[in-house]
Amino acid sequence: MAAAPVILAAVFPCLPNRCYVIDPANMLSCLKNSRRQACMGQQEGCIAHHFSHYAKLSDNDRRQLDALEGSATDVIKGQVLWHEGDMARDFYILRKGWAYASRYLESGTRHILEIYLPGDVIGLSDFAFKQRPSSVAMLEDGAIVPVATRQLLNLFRESSSLMSVCFAACSYQQAVLSERLVHLSRRSARQRVAYLLFEIACRLRRNRHTPGECFRLPLSQQQLADALGLSPVHVSRTLTAFRQEGLLKLSRGWVHMLDMQALANEGSIVGCLHHHVELTV
């Protein structure tokens, strides 16, 4: 069976040309929008919503994907879902909360490879491996839905179209990681921080959890540093500089982008992989 070609459109979504001034009323509106959009996302299964970014799904495709999802299991902040080297028997749907994938170096330092947001599928790219390439833990309390890898393989045997969509999802994730690697290896601290904030905002919008201009960020400065390859002091100084320049505002774990265009320029965002992916057969 020939694999379907995948086209990745490197377009950043609709950067506004105006500045956003966040006041308490706007913050309340942001919170309401976040909750309303989260509820909207619950009208269909997380996997179906995730895969719908890569191709138009038929009603039968959605029913088959929804059938994979069982009851959610509550998890707590800091709980490890699996360790690097564990057997890769299943993957998880992140129904609620944030999580992260990481690896520890020989020196004992940690590098955060990926940040998972509500609605993401964790471990989807691991199904071809016997062992986990990284560890995954929760950033906050949440809920996950386990899905056995064998269930996904059985589904692939029944539907070649869904197998192609899964291939597109994994290809997209690899492209995003490549884009992030460029920023980590060749960009300044200001560019790295600006880019990561934009990536998170765009993915939250894509998962229909925030309108994009403001979002909750449950990461400590140490965790941000581990994701960016910087020191916590460097991250703190960069965020302080952004606040003083009027680019963003931090308030009780929330990030408010006051000037999205300026932050886009700061992050050297001329094209990104978070708008849409088109799967052609």
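Predicted model: local features only at pLDDT ≥ 70, side-chain atom pairs only at ≥ 80, totals over all residues.
# Reading contacts, packing and spaces

Visitor: How is the packing of two helices described?

Guide: By the angle between their axes and the distance between the axes. Here the axes of helix 7 (residues 221-228) and helix 8 (residues 232-244) come within 8 Å and cross at roughly 100°. Helix 7 is therefore roughly perpendicular (65 to 115 degrees) to helix 8. Helix 7 makes the contact through Gln 221, Gln 222, Leu 224, Ala 225 and Leu 228, and helix 8 through Pro 232, Val 235, Ser 236 and Leu 239. Six of these residues are nonpolar, three polar and none charged (Asp, Glu, Lys and Arg are charged; Ala, Val, Leu, Ile, Met, Phe, Trp, Tyr, Cys and Pro nonpolar; the others polar).

Visitor: What separates a pocket from a cavity?

Guide: On a 1 Å grid, a 1.4 Å probe fits in a cavity but cannot get out; a pocket is open, with protein on both sides within 12 Å along at least five of seven lines, and lining residues have an atom within 4 Å of a point. Leu 113, Ser 125, Gln 173, Gln 174 and Leu 177 are the closest to its centre among 27 lining residues. Helix 5 (160-186) gives the most to this lining, nine residues. The pocket lining has 15 nonpolar, eight polar and four charged residues.

Visitor: How many cavities of 30 Å³ or more are there?

Guide: Three. The largest cavity has a volume of about 260 Å³. Of its 18 lining residues, His 50, Asp 120, Tyr 172, Gln 173 and Arg 203 lie nearest the centre. Helix 5 supplies the largest share of this lining too, with six residues. The lining of the largest cavity has eight nonpolar, four polar and six charged residues.

Visitor: Which residues lie nearest the centre of the second largest cavity?

Guide: Arg 180, Leu 196, Glu 199, Ala 227 and Leu 228, out of 14 in the lining. Its volume is about 110 Å³. Helix 6 gives the most to that lining, with five residues.

Note on methods:
Residues numbered from 1 in each chain as written. Heavy atoms only, no water. Helix = DSSP H or I, 4+ residues; strand = E, 2+ residues; numbered from the N terminus. Axes fitted to C-alpha atoms, helices over the stretch in contact; angles between N-to-C directions. Parallel < 35°, antiparallel > 145°, perpendicular 65-115°, else oblique. Contact = heavy atoms within 4.5 Å. Points joined across faces, edges and corners; volume = space filled by probe spheres on them.
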